[in-house]
Amino acid sequence: TVEACREVRKAVDAGKPFFLYLAHYAVHAPLMKDSRFAENYGDLDPRETAYASMIEGMDKSLGDVLDLLDELEASEDTLVLFLSDNGGLTSYARGGEPFTHNLPLSSGKGSAHEGGIRVPMLARWTGVVEPGSVCPTPVIVEDFLPTLMEVAGAPIPDQAEGVPFTPLLRGEAMDTSERTFLWHQPNTWTNIIARKGLGPHSTLLRGDWKVVSYHDPGRDPRWELFNLKDDIGERNN
């Protein structure tokens, strides 16, 4: 965070455009408590205390970056996007009952279920993104490249796989009802398989419907089909 803020300040002071990719190690195993904030969560399971303190530490970092943009009067010229690469860890190494940490979503990291692949995404662009607004339209990380290129006024590369979601940032509608999202994880991520969406899988999502094909080595193929509009917890196959 210190290095990121230093580089942003240098770019703004020099009058140059900048792109900052800030990838935190937190929140990730091994869970190691952040001593600055751990006492705020002392009534939790020790592993949950560490997890929560790591989250607050990351929040402090992101707040420092946003405050710097405000200080430099660069907020109106800077689009900030924040998301995780997967849902929260829930199959092991957490306190409490496994697979309950992302409720009402099913399962978590490594899973084809919504607890593994559905994550919140936050956007801040002063003067463009309406503060406090909520957008239900799904996007995926491959959409970041064409979106950032479009915002920067640069040509979108032909090999870009995603779709620019710039209209959503402006509060405009985008029809994604016929768009197909694909996840393909052919590897065995954990030895906890054949439950809660874990195991090698391929997943398609279109509109309200999601289909999962599991191809565990040595097992017969199995399928799941969910209507996420009616069954966000993926209880009814």
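Here are some friendly notes on the predicted model shown above.

1. **Ground rules.** This is a predicted model, in which local features need pLDDT of at least 70, side-chain atom pairs count only at pLDDT 80 or more, and totals for chains, interfaces and linings use all residues. Residues are numbered from 1 along each chain as its sequence is written, and side-chain values use heavy atoms, with hydrogens and water left out.

2. **Overall layout.** The chain has five helices and six strands, where helices (H or I, at least four residues) and strands (E, at least two) are DSSP runs numbered from the N terminus. In sequence order the pattern reads α-α-β-α-β-α-α-β-β-β-β. The C-alpha trace spans about 60 × 45 × 30 Å along its principal axes. Of the 237 residues in the chain, 36% are buried; buried means under 20% relative accessible area, exposed means over 50%, and partly exposed is in between (1.4 Å probe, protein chains only).

3. **How H1 and H2 pack.** The axes of H1 and H2 come within 10 Å and cross at roughly 15°. Here an axis is a line fitted to C-alpha atoms, for helices over the stretch in contact, and angles run from 0 to 180 degrees between N-to-C directions. The two helices are therefore roughly parallel to each other (angles under 35 degrees count as roughly parallel, over 145 as roughly antiparallel, 65 to 115 as roughly perpendicular and the rest as oblique). H1 passes H2 in a right-handed crossing; a crossing is right-handed if the near helix is turned clockwise from the far one by less than a right angle, and left-handed if anticlockwise.

4. Glu71 and Arg9 meet through their side chains in a salt bridge, 3.1 Å from N to O. Because Glu71 lies in helix H2 and Arg9 in helix H1, the pair ties together parts that are 62 residues apart in sequence. Glu71 is exposed, at a relative accessible area of 52%, while Arg9 is partly exposed at 33%. The term salt bridge stands for a side-chain nitrogen of Lys or Arg within 4 Å of a carboxyl oxygen of Asp or Glu.

5. **Other charged pairs.** By this rule the count comes to twelve salt bridges. One of them joins Asp34 and Arg36, at 2.8 Å from N to O; Asp34 is buried with a relative accessible area of 16%, whereas Arg36 is exposed with 51%. Arg94 also forms a salt bridge with Glu48, the closest N and O atoms being 2.6 Å apart. Arg94 lies in the loop between strand S1 (80–83) and helix H3 (114–117) and Glu48 in helix H2, so this pair ties together parts 46 residues apart in sequence. Both Arg94 and Glu48 are buried. Salt bridges that share partners also join Glu114, Arg118, Lys210 and Glu234 into one network.

6. Glu234 is found in the segment after strand S6 (222–227) and has a positive phi of about 50° although it is not a glycine. At 6% relative accessibility, Glu234 counts as buried. Phe99, in the loop between S1 and H3, has a positive phi of about 70° and is not a glycine either. Phe99 is buried, with a relative accessible area of 6%.

7. **Cis peptide bonds.** Which residues does a cis peptide bond with omega of about 5° join? They are Ala26 and Val27, and Val27 is found in the loop between H1 and H2. The bond from Leu103 to Pro104 is cis as well, with omega near 10°; Pro104 is found in the loop between S1 and H3.

8. Ile55 lies in helix H2 and counts as partly exposed at 32% relative accessibility. Ile55 and Val27 are 28 residues apart in sequence and 6.1 Å apart in space, C-alpha to C-alpha. Lys60, also in helix H2, is partly exposed with a relative accessible area of 38%. Lys60 and Thr1 are 59 residues apart in sequence and 9.6 Å apart in space, C-alpha to C-alpha.
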